[in-house]
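Here is my note on the model you asked me to look over. Please keep the structure open while you go through the points.

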Amino acid sequence: MFLDANINFPKDLYNPYEQINSIHIPKIIRMVASVETGKIFGGLKSNKRPKIQARPIAIIKTPAAPINSHRFTPIPINSICKFSLKKSHYQNFLLKKIFDNNIIKSVNYDGVSINTRTIKKDNLFFAIEGKNTDGHKFAKEAVEKGAIKSVVSKKIKKLSKNKIIKVKNTFSSLKNLAKVTRDNSSAQIIGITGSVGKTTVKNLISFALKNYGKVYYSPHSYNNRFGVPLSLSNLKSNIDYGIFEIGMDKKGEIENLSKMVKPEVAVITNIAGVHFKNFNTLKDIAKAKAEIIDNILDGGNIILNKDD
């Protein structure tokens, strides 16, 4: 299996709303794929040996042994897991980390949701209170549509107590679940930020890495303070590679979100003047995007666009 300059990506992976002409996407994808499939397991044998035929745009190592070759050996990493628990036991383990053990007995949830329009059977529904609407209005509807339980902070009329998990703050609970899920995942995690191109790069990296293991990536453009913890909370225990977008609207947002994601490989696609509502200069935007670097795990990598 070779990752080379001629790799063909389906057109539907490109986000039509992103202006990505200035980003050398093929180089970024090949570099991420090479790092992800080789930086941890380069000494182990496998039948799949990717060959990188393009030089990286720019790659900066965080403290660890430097990469000394562009030829790497990937292996499925789910053979090296933090847990050998059954699916239901793993889920209960995560919930007991964030909720009172006395109220969590057996919740075999399958995924997390904050939106009843897209909720699936056995999802755990978090009733989040936003600016325009309150998720508590839909807690009962969520259960009716198949949610295993609704996580709420208010009293819900006409909904059985055994279908409710009561907490002080539902959004804080969602973020806590995201952190616990990330901390107990054996997946290799990639975090992507930048002014433009995040969704497209995420989609293409996911496409490239699916040849080497099970891939999960944040859906749509879920890259804000709600989307990132929601995406992380849906990271399953059998995933080999997790790819997450990290967006921002103001200083400090990438710092907070990347602390949750804790990427082993981070990508900054580019810096452009699309955030001037809350920033004065491109340099200020660059500094805010660079917040992701401080939260890369030791031994990880940051991949940068050398041109802009």
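The points below go from the overall fold to sheets, helices and salt bridges.

1. A word on the basis first. This is a predicted model, in which local features need pLDDT of at least 70 and side-chain atom pairs count only at pLDDT 80 or more, while totals for chains, interfaces and linings use all residues. Residues are numbered from 1 along each chain as its sequence is written, and side-chain values use heavy atoms, with hydrogens and water left out.

2. Overall, the protein has 8 helices and 10 strands; these are DSSP runs numbered from the N terminus, with helices being H or I of at least four residues and strands E of at least two. Of the 308 residues, 51% are buried (under 20% relative accessible area; exposed is over 50%, partly exposed in between, with a 1.4 Å probe and protein chains only). Among contacts (heavy atoms within 4.5 Å) with a separation of 6 or more, 70% join residues 24 or more positions apart.

3. Do look at the open sheet of 4 strands, which has the order 2-3-4-5 and parallel pairing (strands pair if DSSP finds at least two bridges between them). Strand 2 runs parallel to strand 3 (residues 124-126), and 2 bridges join them; Ser113 has Phe125 as its bridge partner in strand 3.

4. Helix 4 (residues 170-183) lies across strand 2, strand 3 and strand 4 (149-152), at about 135° to strand 3. That angle is between N-to-C directions, on a scale from 0 to 180 degrees, with axes fitted to C-alpha atoms and, for helices, over the stretch in contact.

5. Helix 7 (residues 253-261) has several buried residues, including Ile254, Leu257 and Val261. Their cover includes helix 4, strand 6 (188-193), helix 6 (227-233), strand 8 (241-245) and helix 8 (282-289). Just after helix 7, Lys262 has a positive phi of about 50°.

6. Another parallel pair is strand 9 (residues 265-268) with strand 10 (residues 301-304), over 4 bridges. Ala266 has Ile302 as its bridge partner in strand 10. With helix 8, these strands make a right-handed β-α-β unit (with the strands pointing away from the viewer, the path from the first strand over the helix to the second runs clockwise).

7. The structure holds 10 salt bridges (a side-chain nitrogen of Lys or Arg within 4 Å of a carboxyl oxygen of Asp or Glu). In one of them, the closest N and O atoms of Lys154 and Asp134 are 2.5 Å apart. Lys154 is in the loop between strand 4 and strand 5 and Asp134 in the loop between strand 3 and helix 3 (139-144), so the pair ties together parts 20 residues apart in sequence. Glu129 is linked with Asp134 and Lys154 in a network of salt bridges.

8. Which residues tie helix 4 to the loop between helix 7 and strand 9? Arg182 meets Glu264 in a salt bridge (3.9 Å, N to O), and both residues are buried. Asp183 forms a salt bridge with Lys262, with the closest N and O atoms 2.7 Å apart; this pair links parts of the chain 79 residues apart. Asp183 is partly exposed at 37% relative accessibility, and Lys262 is partly exposed at 28%.
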